[in-house]
Amino acid sequence: MQNTIKLMRLSLGIIFVWYGMLKFFPTLSPAEDLAIKTIDIIFFNLIDGSLSIKLLAMLEVAIGIGFLSGFYTKIVTIIFLGHMVCTFAPLFLLPEFSFTQAPYAFTLVGQYIVKNIVFILVGIIIYQNELTKEIR
(Lines give C-alpha, C1' and ligand atoms only; values in the text may rest on other atoms or scores of the structure.)
Protein backbone atom coordinates (compact mmCIF):
# COMPACT_ATOMS: atom_id res chain seq x y z
CA MET A 1 0.00 0.00 0.00
CA GLN A 2 2.88 2.40 0.74
CA ASN A 3 4.11 2.11 -2.85
CA THR A 4 0.62 2.91 -4.14
CA ILE A 5 0.39 6.00 -1.94
CA LYS A 6 3.85 7.09 -3.09
CA LEU A 7 2.74 6.69 -6.72
CA MET A 8 -0.39 8.76 -6.02
CA ARG A 9 1.73 11.49 -4.41
CA LEU A 10 4.18 11.50 -7.31
CA SER A 11 1.34 11.53 -9.86
CA LEU A 12 -0.24 14.58 -8.22
CA GLY A 13 3.18 16.20 -8.10
CA ILE A 14 3.74 15.73 -11.83
CA ILE A 15 0.24 16.97 -12.68
CA PHE A 16 0.58 20.06 -10.50
CA VAL A 17 4.03 21.01 -11.77
CA TRP A 18 2.84 20.52 -15.34
CA TYR A 19 -0.46 22.42 -15.01
CA GLY A 20 1.21 25.12 -12.93
CA MET A 21 4.06 25.63 -15.41
CA LEU A 22 1.58 26.14 -18.25
CA LYS A 23 0.08 29.08 -16.36
CA PHE A 24 3.40 30.95 -16.51
CA PHE A 25 3.01 31.22 -20.29
CA PRO A 26 0.01 33.24 -21.50
CA THR A 27 -2.60 31.23 -23.45
CA LEU A 28 -0.96 27.82 -22.89
CA SER A 29 -3.23 26.78 -20.04
CA PRO A 30 -6.80 25.95 -21.02
CA ALA A 31 -7.83 27.00 -17.50
CA GLU A 32 -6.22 30.46 -17.69
CA ASP A 33 -9.31 32.55 -18.48
CA LEU A 34 -11.48 30.66 -16.02
CA ALA A 35 -8.89 31.00 -13.25
CA ILE A 36 -8.43 34.74 -13.85
CA LYS A 37 -12.18 35.39 -13.90
CA THR A 38 -12.73 33.33 -10.74
CA ILE A 39 -9.88 35.05 -8.87
CA ASP A 40 -11.22 38.44 -10.01
CA ILE A 41 -14.61 37.64 -8.47
CA ILE A 42 -13.22 36.18 -5.25
CA PHE A 43 -10.83 39.11 -4.68
CA PHE A 44 -13.16 41.86 -5.96
CA ASN A 45 -10.87 42.72 -8.91
CA LEU A 46 -8.12 43.80 -6.50
CA ILE A 47 -5.47 41.63 -8.18
CA ASP A 48 -4.48 42.19 -11.79
CA GLY A 49 -5.26 39.15 -13.96
CA SER A 50 -1.69 38.70 -15.18
CA LEU A 51 -0.46 38.74 -11.58
CA SER A 52 -3.21 36.44 -10.28
CA ILE A 53 -2.44 33.74 -12.85
CA LYS A 54 1.27 33.92 -11.99
CA LEU A 55 0.51 33.60 -8.27
CA LEU A 56 -1.72 30.61 -9.01
CA ALA A 57 1.05 29.13 -11.14
CA MET A 58 3.54 29.53 -8.28
CA LEU A 59 1.12 27.91 -5.83
CA GLU A 60 0.48 24.94 -8.11
CA VAL A 61 4.17 24.42 -8.91
CA ALA A 62 5.03 24.65 -5.20
CA ILE A 63 2.36 22.04 -4.39
CA GLY A 64 3.72 19.84 -7.16
CA ILE A 65 7.30 20.14 -5.95
CA GLY A 66 6.12 19.42 -2.42
CA PHE A 67 4.45 16.21 -3.52
CA LEU A 68 7.40 15.18 -5.68
CA SER A 69 9.94 15.80 -2.92
CA GLY A 70 7.93 14.13 -0.20
CA PHE A 71 8.99 16.80 2.31
CA TYR A 72 6.35 18.28 4.60
CA THR A 73 3.73 16.14 2.86
CA LYS A 74 1.12 16.75 5.54
CA ILE A 75 1.34 20.54 5.13
CA VAL A 76 1.52 20.29 1.33
CA THR A 77 -1.58 18.10 1.35
CA ILE A 78 -3.52 20.57 3.50
CA ILE A 79 -2.62 23.40 1.10
CA PHE A 80 -3.48 21.15 -1.83
CA LEU A 81 -6.89 20.26 -0.38
CA GLY A 82 -7.64 23.94 0.25
CA HIS A 83 -6.73 24.71 -3.35
CA MET A 84 -8.89 21.86 -4.59
CA VAL A 85 -11.93 23.14 -2.70
CA CYS A 86 -11.41 26.54 -4.35
CA THR A 87 -11.41 24.94 -7.80
CA PHE A 88 -15.14 24.32 -7.36
CA ALA A 89 -15.88 28.05 -7.09
CA PRO A 90 -16.59 28.51 -10.83
CA LEU A 91 -19.47 26.03 -10.58
CA PHE A 92 -21.22 28.61 -8.38
CA LEU A 93 -19.63 31.90 -9.45
CA LEU A 94 -19.50 31.30 -13.21
CA PRO A 95 -22.12 28.64 -13.96
CA GLU A 96 -22.35 29.77 -17.61
CA PHE A 97 -18.82 28.38 -18.11
CA SER A 98 -19.52 25.15 -16.23
CA PHE A 99 -22.92 23.93 -17.43
CA THR A 100 -24.89 23.54 -20.62
CA GLN A 101 -27.87 22.52 -18.46
CA ALA A 102 -27.38 23.24 -14.77
CA PRO A 103 -26.92 21.30 -12.53
CA TYR A 104 -26.35 18.06 -14.44
CA ALA A 105 -24.94 18.73 -17.94
CA PHE A 106 -21.37 19.95 -17.70
CA THR A 107 -19.37 21.81 -20.30
CA LEU A 108 -15.82 20.67 -20.89
CA VAL A 109 -14.79 23.27 -18.29
CA GLY A 110 -17.31 21.81 -15.83
CA GLN A 111 -15.93 18.33 -16.42
CA TYR A 112 -12.41 19.69 -15.89
CA ILE A 113 -13.56 20.99 -12.49
CA VAL A 114 -15.54 17.94 -11.38
CA LYS A 115 -12.65 15.57 -12.06
CA ASN A 116 -11.00 17.23 -9.07
CA ILE A 117 -13.18 15.03 -6.86
CA VAL A 118 -10.75 12.21 -7.67
CA PHE A 119 -7.79 14.46 -6.83
CA ILE A 120 -9.41 15.34 -3.50
CA LEU A 121 -9.91 11.67 -2.64
CA VAL A 122 -6.27 10.94 -3.49
CA GLY A 123 -5.24 13.89 -1.28
CA ILE A 124 -7.32 12.55 1.59
CA ILE A 125 -5.64 9.15 1.27
CA ILE A 126 -2.20 10.78 1.27
CA TYR A 127 -3.15 12.88 4.30
CA GLN A 128 -4.50 9.86 6.20
CA ASN A 129 -1.28 8.02 5.45
CA GLU A 130 0.72 10.91 6.91
CA LEU A 131 -1.43 10.80 10.07
CA THR A 132 -0.88 7.08 10.50
CA LYS A 133 2.90 7.63 10.17
CA GLU A 134 2.70 10.00 13.17
CA ILE A 135 0.87 7.42 15.26
CA ARG A 136 3.41 4.65 14.63
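Mentor: We'll talk about the overall fold and then the salt bridges. Keep in mind that this is a predicted model.

Trainee: Okay! How many helices and strands does the protein chain have?

Mentor: There are 8 helices and 2 strands in the protein chain. Reading from the N terminus, the order is α-α-α-α-α-α-β-β-α-α.

Trainee: And what radius of gyration does the protein chain have?

Mentor: The value is 16 Å. A compact globule of 136 residues would come out near 14 Å, so the chain agrees with that picture. Its C-alpha atoms fill a box of roughly 45 × 35 × 25 Å along the principal axes.

Trainee: What share of the residues is buried?

Mentor: Buried residues account for 40% of the 136.

Trainee: Switching topic: what about contacts between residues at least 24 apart?

Mentor: Take the contacts between residues at least 6 apart in sequence: 69% of them join residues at least 24 apart.

Trainee: Now charges, please. How many positive and negative side chains are there?

Mentor: The protein chain carries 9 positive and 8 negative ones, and the centres of the two sets are 13 Å apart.

Trainee: How many salt bridges does that give us?

Mentor: The count is 2. One of them pairs Glu-60 with Lys-23, whose closest N and O atoms are 2.8 Å apart.

Trainee: Where do Glu-60 and Lys-23 lie?

Mentor: Glu-60 is in helix H3 (residues 49-69), while Lys-23 sits in the loop between helix H1 (2-22) and helix H2 (32-42), so the pair ties together parts that are 37 residues apart in sequence.

Trainee: Are those two buried or exposed?

Mentor: Both Glu-60 and Lys-23 are buried.

Trainee: Which residue pairs with Glu-130?

Mentor: That partner is Lys-133, and the closest N and O atoms of the pair are 3.2 Å apart. Glu-130 and Lys-133 both belong to helix H8 (residues 116-135), where they are 3 residues apart, about one turn of the helix.

Trainee: Why does Glu-130 count as buried?

Mentor: Glu-130 has a relative accessible area of 14%, and buried means under 20%.

Trainee: And why is Lys-133 called partly exposed?

Mentor: Lys-133 has 43% relative accessibility, and the partly exposed class runs between the buried limit of 20% and the exposed limit of 50%.

Terms used
Residues are numbered from 1 along each chain as its sequence is written. This is a predicted model: local features need pLDDT of at least 70, side-chain atom pairs count only at pLDDT 80 or more; totals for chains, interfaces and linings use all residues. Side-chain values use heavy atoms; hydrogens and water are left out. Helices (H or I, at least four residues) and strands (E, at least two) are DSSP runs, numbered from the N terminus. The radius of gyration is taken over C-alpha atoms; the globule rule is 2.2 Å times the number of residues to the power 0.38. Buried means under 20% relative accessible area, exposed over 50%, partly exposed in between (1.4 Å probe, protein chains only). Contact means heavy atoms within 4.5 Å. Lys and Arg count as positive and Asp and Glu as negative; His and the chain ends are not counted. The place of a charge is taken as NZ of Lys, CZ of Arg, CG of Asp or CD of Glu. A salt bridge is a side-chain nitrogen of Lys or Arg within 4 Å of a carboxyl oxygen of Asp or Glu.
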